[in-house]
Amino acid sequence: MAAPDHLFSLRNNFYLGAYQAAINNSDLPNLSPDDAVERDCLVYRSYIALGSYQLVINEIDNSAATPLQAVKLLAMYLSGPANKESIISSLKEWLADSAIGNNAILRLIAGTIFMHEEDYNEALKHTNAGGTMELHALNIQIFLKMHRSDYAEKQLRYMQQIDEDHTLTQLANAWLNLAVGGSKIQEAYLIFQDFSEKYPMMSLILNGKAVCCMHMGNFDEAETLLLEALNKDAKDPETLANLVVCSLHLGKPSSRYLSQLTLTHPDHILVKRASSAEENFERAVQSVA
């Protein structure tokens, strides 16, 4: 018999965006040293997802295990632009170190940081070998960012061979279906619907269902789902961005959602695109004035 997986619920909460639940239910007894490190990584990554970067930076000291040091590096990277170059330099040094460079969490953090930098080739250097379901799922996200759904589909098939029912396999399937579009949107919706019946309705699930609804032209249902998500987390960037798009399709004001998104997540792609469009419009007006 396989040993019981003491971290199953904790991982699942993290994957589905139930970050506070992951933190609240992390006091697990009788963990092996490796499981304890993985538990701590999931807890600190949950704090990062909630924006508590400084807590993570303060609590992980220099004697912590390599995976925890990698998580601390992610917190430092996301906490502000000031030290990004030195952080990326440190990351590359660690990855080049034969003793720790192949650590799965370090490679996962490297992929995450380089994906933020939009350096997808560099990200794949460290994630493409896989080794964990999270690394395979991250590969799919990177391939979709590169508009290579063919490579994402190969990676998904590999995940399905390992564990078709795994939460990350199901999520990755939904991401790919959304990217492909057409008849696949309904399949993506059913995956998110299944999640919503099994687990508490978190922002990630609500946004997934809402995006499917928008693709299918059901903007009223999408708005209802997104407002529910906003009640759960008023600063969630994807909820705010999706509400901007949904409101425009419904002919409703969207400026307040865009203002909130600009204040809380000025680097979000929708903010950058809106700003670029405004600048282009101003230039066009001046050229004919």
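Author: To start with a term, axes here are lines fitted to C-alpha atoms, for helices over the stretch in contact, and angles run from 0 to 180 degrees between N-to-C directions. This is a predicted model, where local features need pLDDT of at least 70, side-chain atom pairs count only at pLDDT 80 or more, and totals for chains, interfaces and linings use all residues. Residues are numbered from 1 along each chain as its sequence is written, and side-chain values use heavy atoms, with hydrogens and water left out.

Reader: Thanks! At what angle do α7 and α9 pack?

Author: Helix α7 (residues 104-116) and helix α9 (residues 133-145) pack at about 15°, with axes 10 Å apart. Helices are DSSP runs of H or I, at least four residues, numbered from the N terminus. That angle makes α7 roughly parallel to α9 (under 35 degrees).

Reader: And which residues of α7 and α9 make the contact?

Author: On α7, A104, R107, L108, G111, T112 and M115; on α9, E134, L135, L138, Q141, I142 and K145. Contact means heavy atoms within 4.5 Å.

Reader: Switching topic, is T167 buried or exposed?

Author: T167 counts as buried because its relative accessibility is 8% (buried is under 20% relative accessible area, exposed over 50%, partly exposed in between, with a 1.4 Å probe and protein chains only). T167 is found in helix α11 (residues 167-180).

Technical notes:
Helices (H or I, at least four residues) and strands (E, at least two) are DSSP runs, numbered from the N terminus. Angles under 35 degrees count as roughly parallel, over 145 as roughly antiparallel, 65 to 115 as roughly perpendicular and the rest as oblique.
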